[in-house]
Amino acid sequence: GERVAMSFTIGSQTGGVINNVAGDQYVSGTQSGVAVSLSDAQAAAQALQAALASTDLPGITWQQRAELAADADAILAEVNEPDPPRTSIRDRLARITGVLRDAGALAGAAAALVGPLTALAQWLGPLGASVLAILA
């Protein structure tokens with residue numbers, strides 16, 4: 001028989017739960033993961049920008065609101081780059097969620113912000129864990 005050499009090129013992949021083991025693996029309980037696509041993250045960044053602009057945020061100063069808007073604008077620009085800088089996006093998301101949490105805004109009228117913040121944090125994967133902890 002004739003041997004044929006084959007090669008595979010597999011691009012970047014992300015998954016909610018990835019187990020890579022040698023031998024047997026026993027899982028007790030459930031495993032779940034949330035996969036958020038780049039297009040979902042881009043839509044979430046747009047939703048975040050719009051929600052920050054239109055939501056009444058009691059306890060947030062005008063200066064803080066301007067900083068939140070600037071971070072949201074930067075996140076939207078960054079998720080649309082060819083290779084989005086996830087660490088920078090995470091830092092901006094953490095700042096936004098921290099300011100909103102400290103002002104008590106996440107529990108009130110700013111509930112519309114939780115969905116986009118959560119989606120972006122999930123898209124970041126392990127990098128977004130700290131943001132998800134604030135939102136939990």
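In this predicted model, the buried residues of helix α3 are I89, R90, L93, I96, T97, G98 and L100. The helix itself spans residues 86-102. Its 17 residues reach 24 Å from the first C-alpha to the last, close to the 24 Å expected at 1.5 Å a residue. Just after α3, G104 adopts a positive phi of about 75°.

A helical partner for α3 is found in α2, which covers residues 62-79. The two helices pack at an angle of about 150°, and their axes lie 10 Å apart. Because angles over 145 degrees count as roughly antiparallel, α2 is described as roughly antiparallel to α3. The crossing of α2 past α3 is left-handed.

Turning to the residues that make this contact, α2 contributes Q64, L68, D71, A72, A74, I75, E78 and V79. From α3 come S88, I89, R92, L93, R95, I96, V99 and L100. Sorted by class, the contact has ten nonpolar residues, together with four charged and two polar ones.

D71 sits in helix α2 and has a relative accessible area of 9%. Since buried means under 20% relative accessible area, D71 counts as buried. Neighbours within four places in sequence set aside, D71 is in contact with R92, R95 and I96.

Definitions and conventions
Residues numbered from 1 in each chain as written. Predicted model: local features only at pLDDT ≥ 70, side-chain atom pairs only at ≥ 80, totals over all residues. Heavy atoms only, no water. Axes fitted to C-alpha atoms, helices over the stretch in contact; angles between N-to-C directions. Helix = DSSP H or I, 4+ residues; strand = E, 2+ residues; numbered from the N terminus. Parallel < 35°, antiparallel > 145°, perpendicular 65-115°, else oblique. Left-handed = near helix turned anticlockwise from the far one by under 90°. Contact = heavy atoms within 4.5 Å. Nonpolar A, V, L, I, M, F, W, Y, C, P; charged D, E, K, R; others polar. Expected span 1.5 Å × (residues − 1). Buried < 20%, exposed > 50% of the residue type's maximum accessible area, 1.4 Å probe, protein only.
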